[in-house]
Amino acid sequence: LLTKRYCNKTIQKIFKFTYLIDVISMPILVTILSWNIVEYLMAFVGLAKDDWFIDKETFTYNEYHKEVFLIRLLYCVLIYLIMLPLLFRKDLKSLQIVGNIFLVFLLFLCGVILVEMPFFQSNLNKLGELQVQYFSKTPSFQWVESFFSMILSYYCQPYYFAIRNELMHPTKKRLKKVVRFSMMSILTFFVLIGVICYLCLGDRFTPDLVILRKAYEGKPGWSEGVFQVSILLFFFVSILSMPLFNPPLRDYILVEFKFEPTTRNYNIWSTLPYLISCIICLVYPTIIGVFNFFGVTVFNFNG
């Protein structure tokens with residue numbers, strides 16, 4: 001309604017496309033996240049071969065190694081077939097609790113990591129392996145991408161609309177309070193995790209996904225066991241959360257792009273978005289690059 005009232009036809013068309021990118025970003029990111037967890041678990045249980053890695057210390061795989069690529073292809077096909085019956089559902093209210101569990105697990109894993117990081121730093125200092133650059137000597141364009149990803153904290157309507165108790169009586173003062181709290185808390189949490197984990201792990205041991213870090217030598221077995229079980233459970237929760245994004249994405253496409261309400265169109269747009277997610281995961285399974293792309297796109301065109 002706002003775009004139709006305040007934007008001309010050209011801007012409305014651009015916004016339709018960029019908002020589509022926004023809506024489809026979550027299934028893509030969760031699909032890649034789940035694949036990265038599979039890689040981490042393969043390394044942890046000893047199924048991954050040494051020649052699959054570019055850097056084993058950060059679990060950085062050669063994603064286009066023939067065997068890794070074939071495993072990822074099998075993963076994408078299996079996940080798509082498993083999800084297919086759920087993709088046709090008109091709503092998935094029964095699975096909405098999974099979305100909350102997903103966030104709880106993610107926050108739990110981030111919390112555990114923040115508590116454990118000083119022990120990682122102490123161990124790496126003893127071994128003389130902690131390498132931290134406080135000022136980078138080689139600036140890169142990724143700095144710009146990461147900046148926009150961080151600024152996504154200000155693009156906070158998903159969190160804003162999720163706080164239902166505050167929105168029962170949406171006065172202007174209350175809405176401002178919710179938005180301000182959302183923006184500042186998300187930005188603070190984002191920066192805090194990034195800074196602490198880098199200072200404690202350094203250049204040699206910081207992975208793309210910090211929840212998938214390698215345990216330090218001598219770490220108590222029970223502690224790492226709890227963490228690994230949590231990662232495994234988080235994987236299953238992330239798999240279950242994937243189809244949750246499908247009904248609103250399908251409805252948005254059908255309504256805003258004015259497709260006829262036929263069974264054929266319903267079936268196509270029930271299955272195609274998640275198929276695209278799996279193809280992107282297969283071709284470019286690098287979550288930092290994909291996340292930064294969405295950060296630049298969503299912030300610049302929608303935020």
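**The cavity and the helix packing**

Author: The lining of the largest cavity consists of Pro-27, Leu-87, Met-242, Pro-243, Phe-245, Asn-246, Leu-249, Pro-273, Tyr-274 and Ser-277. The model is predicted, so local features need pLDDT of at least 70 and side-chain atom pairs count only at pLDDT 80 or more, while totals for chains, interfaces and linings use all residues. Residues are numbered from 1 along each chain as its sequence is written, and side-chain values use heavy atoms, with hydrogens and water left out.

Reader: What makes a set of points a cavity, and what volume does the largest cavity have?

Author: On a 1 Å grid over the protein atoms alone, a cavity is a set of points where a 1.4 Å probe fits but cannot get out, and lining residues have an atom within 4 Å of a point. Grid points are joined across faces, edges and corners, and the volume is the space filled by probe spheres set on the points. The largest cavity has a volume of about 40 Å³, and the structure holds one cavity of 30 Å³ or more.

Reader: Which helix gives the most to this lining?

Author: H11 does, with three residues. Helix H10 (246–256) and helix H11 (263–283) each supply at least two residues; helices are DSSP runs (H or I, at least four residues), numbered from the N terminus.

Reader: How do the lining residues divide by class?

Author: Eight are nonpolar, two polar and none charged. Ala, Val, Leu, Ile, Met, Phe, Trp, Tyr, Cys and Pro count as nonpolar, Asp, Glu, Lys and Arg as charged, and the others, Gly among them, as polar.

Reader: Why is H2 called oblique to H3?

Author: Helix H2 (residues 9–44) and helix H3 (residues 66–87) pack at about 125°, with their axes 11 Å apart. That angle makes H2 oblique to H3, because angles under 35 degrees count as roughly parallel, over 145 as roughly antiparallel, 65 to 115 as roughly perpendicular and the rest as oblique. Axes are lines fitted to C-alpha atoms, for helices over the stretch in contact, and angles run from 0 to 180 degrees between N-to-C directions.

Reader: Which residues of H3 make the contact with H2?

Author: Val-68, Ile-71, Arg-72 and Tyr-75 of H3 meet Thr-31, Ser-34, Trp-35, Val-38, Glu-39 and Met-42 of H2, where contact means heavy atoms within 4.5 Å. These residues divide into six nonpolar, two polar and two charged.

Technical notes. 1 Å grid on protein atoms, 1.4 Å probe; cavity = no way out; pocket = protein on both sides within 12 Å on 5 of 7 lines; lining within 4 Å.
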